[in-house]
Amino acid sequence: MPHLDTISRWITATTDRTLDQHATDPIPAAAHLPEAAATLRHLRTELLLVVDRLRTLLINDDDLNGSTNTVASPVETIRELAREYRYTRNWIDTLIGDEARAAYAEANPGRSVRRRYVNPGDTVLVVLPHTDSCRRQNLAGHATHIKVGTSDARLRPPGSVNPLWLSHADAGIYRDPAEDRLYILQAAADEAVPGH
């Protein structure tokens with residue numbers, strides 16, 4: 001589906017940084033851009049599907065043979081999705097317009113990163129992103145081993161006996177929309193991974 005990469009291209013054109021480069025920037029607004037983009041991508045896909053179903057229903061005259069709810073139900077779903085879309089789009093606009101993010105991007109070239117595809121059950125070394133949650137827990141920027149789950153990741157913070165669970169976004173795990181696979185980011189060969 002060609003529309004899956006539209007948001008990535010839009011953010012890259014707007015900020016001169018890819019979503020992968022944003023993910024490695026030590027600014028919360030940049031670190032949250034991949035998650036926001038994934039949410040917007042999901043909402044756009046859902047909107048396209050519901051609008052297409054409504055269009056098909058009207059083309060086939062199914063609205064004339066059923067109850068008024070036949071049209072009202074998809075229209076209400078579209079309204080709810082559009083509301084979520086507007087919220088997420090405003091969130092992205094805020095992240096893009098963040099002064100600290102823009103100042104950092106202007107002063108520092110985007111890091112060269114490569115994707116490493118992972119699967120649930122894998123234990124991998126990641127540098128935790130600078131999301132608000134990671135910063136609150138003093139985890140941001142630290143290299144640590146995590147165990148990848150289907151929607152979250154487990155790690156054991158230094159000095160702790162209890163594991164800590166982080167969402168994929170907070171654990172530095174991203175989903176490639178084109179291949180529908182999980183990946184982590186690693187510094188390109190010419191750049192060292194922090195902590196090593």
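This is a predicted model: local features need pLDDT of at least 70, side-chain atom pairs count only at pLDDT 80 or more; totals for chains, interfaces and linings use all residues.
**Sheet**

I started with strand order. Four strands make an open sheet, arranged S2-S3-S4-S5, with antiparallel pairing. On average, neighbouring strands here are turned by 40° against each other, direction ignored.

Next I checked how S2 meets strand S3 (residues 143-148). The two run antiparallel and are joined by five bridges. I picked out Thr 123; its bridge partner in S3 is Lys 147.

**Salt bridges**

I searched the whole structure and got eight salt bridges. I noted three of them, as follows.

I took Arg 79 and Glu 76 to begin with. Their closest N and O atoms are 2.6 Å apart. Both sit in helix H5 (residues 69-97), and because they are three residues apart, about one helical turn separates them. Arg 79 is partly exposed at 45% relative accessible area. Glu 76 is also partly exposed, at 31%.

I moved on to Arg 115 and Asp 176, whose closest N and O atoms are 3.0 Å apart. Arg 115 lies in strand S1 (residues 113-118) and Asp 176 in strand S6 (residues 173-176), so this pair ties together parts 61 residues apart in sequence.

My last pair was Glu 179 with Arg 181, at 3.6 Å between the closest N and O atoms. Glu 179 is partly exposed at 45%; Arg 181 is partly exposed at 34%. I also traced shared partners: salt bridges join Asp 20, Arg 115 and Asp 176 into one network.

Conventions
Residues are numbered from 1 along each chain as its sequence is written. Side-chain values use heavy atoms; hydrogens and water are left out. Two strands pair if DSSP finds at least two bridges between them. Axes are lines fitted to C-alpha atoms, for helices over the stretch in contact, and angles run from 0 to 180 degrees between N-to-C directions. A salt bridge is a side-chain nitrogen of Lys or Arg within 4 Å of a carboxyl oxygen of Asp or Glu. Buried means under 20% relative accessible area, exposed over 50%, partly exposed in between (1.4 Å probe, protein chains only).
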